[in-house]
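Here is a short briefing on one protein fold. Look over the sequence and the structure first, then read on.

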Amino acid sequence: MQKKKVLITGASSGFGEACARWYGERGCSLILCARRKNRLDFLAGDLNVPVFTVELDVRDRTAVDRVVSRLPEDFADVDILVNNAGLALGLEPAPRASLDDWETMVDTNVKGLMYLTRAILPGMVARKKGHIVNMGSVAGSWPYPGGNAYGATKAFVEQFSRNLRCDILGSGVRVTNIAPGMAETEFSLVRFKGEADKASGTYRGVKALTAENIAEIVGWVTMLPAHVNINHLEVMPTQQAWSPFAVSRDGA
């Protein structure tokens, strides 16, 4: 692992930061991308490995292409791409949901992931090695009230990951979709737009997954022998499971 170059999006907090620390502890060189560069630079100071930090909004296709094309030589040949940048906004039912929020989720969770993948993948294929880890969600497989556009974006991540596997079969490049359930990070704080009470209430009475739990999983799938590909890995805290089917009994 010491010679691996790992590019992580959304690396300023949560899963991304935890992945950076996990790979850093194992001697990997890191390319850390996020909108909050000050956090990235602070994180880089904690890591005793080569780190290249870059302010990047993955929704900006031109910026993504520019960053990838101008990576310093020592970081250019990316071995592992962790497409972690993503978010949920709001929990309103579809008739009242904000269309602006929907667009932001699509632009980040879908388009941003596509932009990074398309920029990095050709180099991996040319070198006949590499691993793309896409951060999905249980919401991509299992609907819940208010999940509407967020769940749809994560369903895209799952299907896109599967189709990538088909397209690059024989290239030596691996693709994995990680689908976490309830995890206590900044996720709910972002979803509820800074309303801390609402965010903390999401996890009340539940021992949720941690960012470090997910980083361990991401690291594990990328450390497996090159002939082993984990296609899809879904993980929930023990206190979380699926709900019964909802039934409307008011005649509508």
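His131 stands opposite Arg174 in β6. Strands and helices here are DSSP runs, numbered from the N terminus: a strand (E) has at least two residues, a helix (H or I) at least four. The model is predicted, so local features need pLDDT of at least 70 and side-chain atom pairs count only at pLDDT 80 or more, while totals for chains, interfaces and linings use all residues. Residues are numbered from 1 along each chain as its sequence is written, and side-chain values use heavy atoms, with hydrogens and water left out.

**The sheet**

- Strands of a sheet pair through backbone hydrogen bonds, either parallel or antiparallel.
- Here 7 strands form an open sheet with parallel pairing, in the order β3-β2-β1-β4-β5-β6-β7. Two strands count as paired if DSSP finds at least two bridges between them.
- The edge strands are β3 (51–55) and β7 (232–235), and each of them pairs on one side only.
- Direction ignored, neighbouring strands are turned by 15° against each other on average. Axes are lines fitted to C-alpha atoms, for helices over the stretch in contact, and angles run from 0 to 180 degrees between N-to-C directions.
- Strand β1 (residues 5–9) runs parallel to strand β2 (residues 29–34), and 5 bridges join them. Val6 has Leu30 in β2 as its bridge partner.
- β4 and β5 are parallel and share 4 bridges. Ile80 is partnered with His131 in β5.
- β6 and β7 also run parallel, joined by 4 bridges. The partner of Asn177 in β7 is His232.

**Buried strands and an edge**

- How many residues of β5 are buried? The count is 6 of the 6, so β5 is largely enclosed by the rest of the structure. Buried means under 20% relative accessible area, exposed means over 50%, and partly exposed lies in between (1.4 Å probe, protein chains only).
- Gly130, Ile132 and Asn134 point one way from β5, His131, Val133 and Met135 point the other way, and all are buried.
- β6 is mostly covered, with 8 of its 8 residues buried.
- From β6, Val173, Val175, Asn177 and Ala179 point one way, while Arg174, Thr176, Ile178 and Pro180 point the other.
- Side chains alternate along β7.

- Contact means heavy atoms within 4.5 Å.
- Helix α2 (residues 37–46) lies across β2 and β3 and runs at about 170° to β3.

**Helix against helix**

- Two packed helices are described by the angle between their axes and the distance between the axes.
- The axes of α4 (residues 99–127) and α5 (residues 148–167) come within 8 Å and cross at roughly 15°. The two helices are therefore roughly parallel to each other. Angles under 35 degrees count as roughly parallel, over 145 as roughly antiparallel, 65 to 115 as roughly perpendicular and the rest as oblique.
- Residues making this contact include Trp102, Met105 and Val106 of α4, and Tyr150, Phe156 and Phe160 of α5.
- By class, the α4–α5 contact has 13 nonpolar, 4 polar and 1 charged residues. Ala, Val, Leu, Ile, Met, Phe, Trp, Tyr, Cys and Pro count as nonpolar, Asp, Glu, Lys and Arg as charged, and the others, Gly among them, as polar.
- The axes of α3 (residues 61–69) and α4 come within 10 Å and cross at roughly 30°. That makes α3 roughly parallel to α4.
- Arg61, Val64, Asp65 and Val68 in α3 meet Tyr115, Leu116, Ala119 and Ile120 in α4. This contact has 6 nonpolar, no polar and 2 charged residues.

**Two residues outside the strands**

- Is Gly170 buried or exposed? At 73% relative accessibility, Gly170 counts as exposed.
- Met236 is placed in the segment after β7. Beyond neighbours within four places in sequence, Met236 contacts Val138, Gly181, Leu209, Ala241 and Trp242.
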